[in-house]
Amino acid sequence: MELEFSGEVWFWRGPAPWYFVTVPEAGCRELAAASGAVSYGWGMIPVTAWIGQVSWTTSLWPKDGRYIVPVKAAVRKATGVEEGDEVTVRLALDL
């Protein structure tokens with residue numbers, strides 16, 4: 001399964017700060033339907049993600065009934081992405 005969407009990069013200032021993009025509701029419904037086959041602990045879903053030509057492996061995190069995509073520092077640096085930027089993200093579930 002592949003999914004492509006646009007969203008804003010946001011910063012979580014928790015004890016372990018991180019940057020994320022939230023998957024839109026329609027995409028979350030598709031992911032939830034597939035999650036039973038691929039999810040591991042805490043509802044995490046393993047994916048390969050792309051912003052532009054930069055790809056990385058990660059896991060989608062469930063949050064408030066949706067999924068969020070963690071965006072690594074190396075990816076932000078390589079793509080020039082900062083908090084508040086609108087980005088297009090492509091996801092492929094890792095089966």
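In this predicted model, strand 4 and strand 5 form a hairpin with two residues between the strands, and D64 there takes a positive phi near 55 degrees. The hairpin of strand 3 and strand 4 also has two residues between the strands, with G52 at a positive phi near 60 degrees. Strands here are DSSP runs of E with at least two residues, helices are H or I runs of at least four, and both are numbered from the N terminus. Two strands count as paired if DSSP finds at least two bridges between them.

| Residue | Bridge partner | Strand of the partner |
|---|---|---|
| I51 | V54 | strand 4 |
| V47 | T58 | strand 4 |
| W61 | I68 | strand 5 |

The largest nonpolar core has 24 residues, and F5, V23, L31, I45, I51, L60 and L91 have the most contacts inside it. At least two residues of this core come from each of strand 1 (2-12), helix 1 (25-38), strand 3 (45-51), strand 4 (54-63), strand 5 (66-70) and strand 6 (86-93). A nonpolar core is a set of buried Ala, Val, Leu, Ile, Met, Phe, Trp, Tyr and Cys residues joined through side-chain atoms within 4.5 Å. Buried means under 20% relative accessible area (1.4 Å probe, protein chains only). Residues up to four places away in sequence aside, V23 touches L3, F5, C28, L31, R66, Y67, V69 and L91, contact being heavy atoms within 4.5 Å.

R76 is located in helix 2 (residues 73-79). R76 is buried but has no salt bridge, and E83, the nearest side chain of opposite charge, is 8.8 Å away. A salt bridge requires a side-chain nitrogen of Lys or Arg within 4 Å of a carboxyl oxygen of Asp or Glu; Lys and Arg count as positive, Asp and Glu as negative, while His and the chain ends are not counted. Beyond its neighbours within four places in sequence, R76 is in contact with Y19, V71 and V81.

Residues are numbered from 1 along each chain as its sequence is written, and side-chain values use heavy atoms, leaving out hydrogens and water. As the model is predicted, local features need pLDDT of at least 70 and side-chain atom pairs count only at pLDDT 80 or more, whereas totals for chains, interfaces and linings use all residues.

Key:
Buried means under 20% relative accessible area, exposed over 50%, partly exposed in between (1.4 Å probe, protein chains only).
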